[in-house]
Each structure stands twice: as C-alpha cells, then as structure tokens.
Amino acid sequence: MVYEENTTDAVEMRHIISIILENEAGALSRVAGLFSARAYNIESLTVAPTDDPSLSRMTLVTSGTDEVVEQVCKQLNKLIDVVKLVNLTDDVHVERELILIKVQAENEQRDEVKRIVDIFHGQVIDMTDTTYIIEVTGDSEKIDAVLKALEHMTMLEVERSGQLGMCRGDKGMV
C-alpha cells in the first residue's frame with residue numbers, strides 16, 4: 001500500500017488584525033463574542049481610544065489558516081461597530097510589544113539586571129532596595145529573549161501588553 005502525502009493541508013500561521021471600531025459600550029464584547037462563538041482563540045488583544053474619541057483601535061492576534069482568518073475578517077466586517085479592518089499580516093508592517101518585569105535585585109544582581117536592560121535597550125522605571133521594574137519594547141522575539149535572559153533571576157511579576165501593529169509607508173487605517 002502506498003500512502004500519498006496530503007498537500008492540501010493548510011498551514012496555520014499567526015495573524016495580526018487591526019480594527020477601527022466605534023468607541024461604544026459592548027463593541028469589544030461583540031468582537032470577542034464572535035471569536036468565542038466560533039471557537040477561535042484570541043492570543044493577544046489590545047484596545048484604546050484613537051485621537052478621535054468616538055473611535056477605538058483594536059489590535060488582535062490569532063492563529064489559523066489563511067482561509068479561516070479570511071472568514072473571521074469577513075464576519076468581523078459585518079459587525080455594526082467595525083469601521084475598518086486590516087489584516088496586517090498581508091502587508092509590510094511594524095510590530096511592537098511592551099513588557100514590564102519586576103525582578104528581585106539585591107547586591108550583585110543589581111548590576112546584572114542593569115547590564116541585561118542595557119543590552120535590550122530597555123529602562124529601569126522603578127527601583128527599591130530589593131527590586132527593579134524594567135520596561136522593554138520590541139517584537140515578540142525580543143520580548144521572549146529578555147525573559148530568557150532573566151529566567152535565572154527571581155521574577156516577581158511579568159506583564160506583557162500584547163502586539164501592536166501598523167502598516168509601513170503611506171497605507172494607514174484612517
């Protein structure tokens with residue numbers, strides 16, 4: 001018996017979707033509800049008002065095949081609150097994430113933390129006699145590398161913002 005490799009298997013990949021939506025009660029809930037009702041996972045979600053107080057910008061990260069994510073985008077576009085939607089994965093774009101890490105830093109550890117922060121172009125934004133809170137921005141790989149560099153230290157708290165993204169060049173959301 002000969003087995004043939006199935007070449008129609010679609011590859012799941014990470015997608016960053018940027019959405020401009022009306023800044024109204026329930027808008028976020030409707031977007032999240034669309035995902036949960038269809039058993040799609042949201043890996044990261046950030047939302048904040050834009051320079052226009054009537055609009056918010058939502059950036060969400062999900063994984064799936066191109067076909068599945070295209071279907072999700074079509075369903076999102078049908079929501080009344082959605083003004084504009086762009087799958088940033090389809091275009092050249094810039095991604096950034098912020099991480100805040102509170103580490104225990106006493107004696108010789110203080111110099112090591114400062115060295116790691118400098119290597120990753122981060123900042124110490126708060127310090128006590130026993131702790132540092134550090135801030136680093138970058139793509140997900142950089143954020144993961146910071147965590148790896150600090151893994152031998154006692155991390156008291158870690159908070160990641162999730163991805164933000166923006167198309168490069170003249171193309172924009174508004």
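Trainee: What does Y40 count as, by its relative accessibility?

Mentor: The relative accessibility of Y40 is 26%, and the classes are set as buried under 20% relative accessible area, exposed over 50% and partly exposed in between, with a 1.4 Å probe and protein chains only. This is a predicted model, in which local features need pLDDT of at least 70 and side-chain atom pairs count only at pLDDT 80 or more, while totals for chains, interfaces and linings use all residues. Residues are numbered from 1 along each chain as its sequence is written, and side-chain values use heavy atoms, with hydrogens and water left out. Y40 therefore counts as partly exposed.

Trainee: How are the rings of F35 and Y40 arranged as a pair?

Mentor: Rings of Phe, Tyr and Trp (its six-membered ring) pair if their centres lie within 6.5 Å, and planes under 30 degrees apart count as stacked, over 60 as edge-to-face and the rest as tilted. F35 counts as buried at 1% relative accessibility. The structure holds 1 aromatic pair. The ring centres of F35 and Y40 are 6.3 Å apart with the planes at 80°, so the pair is edge-to-face.

Trainee: Which residue of β3 is the bridge partner of T46?

Mentor: Helices (H or I, at least four residues) and strands (E, at least two) are DSSP runs numbered from the N terminus, and two strands pair if DSSP finds at least two bridges between them. Strand β2 (residues 42-49) and strand β3 (residues 55-64) run antiparallel and are joined by 7 bridges, with a hairpin of 5 residues leading from β2 to β3. Within β3, the bridge partner of T46 is T59.

Trainee: How much accessible area do L28, L45 and V47 have together?

Mentor: V47 lies in strand β2 and counts as partly exposed at 40% relative accessibility. Patches are made of residues with over 30% relative accessible area and no salt bridge, like charges being joined within 9 Å and nonpolar side chains (Val, Leu, Ile, Met, Phe, Trp, Tyr) within 5 Å. Accessible areas come from the Shrake-Rupley method with a 1.4 Å probe, and for residues only the protein chains shown count as cover. L28, L45 and V47 form a nonpolar surface patch whose accessible area together is about 220 Å².

Trainee: How many residues apart in sequence are the parts that K102 and E157 tie together?

Mentor: A salt bridge is a side-chain nitrogen of Lys or Arg within 4 Å of a carboxyl oxygen of Asp or Glu, and K102, partly exposed at 25% relative accessible area, is one of the residues concerned. K102 and E157 form such a bridge, with their closest N and O atoms 3.2 Å apart. Since K102 lies in strand β5 (residues 93-104) and E157 in strand β8 (residues 155-160), the separation of the parts tied together is 55 residues.

Trainee: By about how much of the helix are E70 and K74 separated?

Mentor: The side chains of E70 and K74 meet in a salt bridge of 3.5 Å, N to O. E70 is partly exposed at 47%, and K74 is partly exposed at 45%. Because they are 4 residues apart in helix α2 (residues 66-78), their separation is about one helical turn.

Trainee: What is the radius of gyration of the protein chain?

Mentor: The secondary structure of the chain comes to 4 helices and 9 strands. The globule rule, 2.2 Å times the number of residues to the power 0.38, is set against a radius taken over C-alpha atoms. For 174 residues the rule gives 16 Å, and the chain is more spread out than a compact globule because its radius of gyration is well over that value, at 20 Å.
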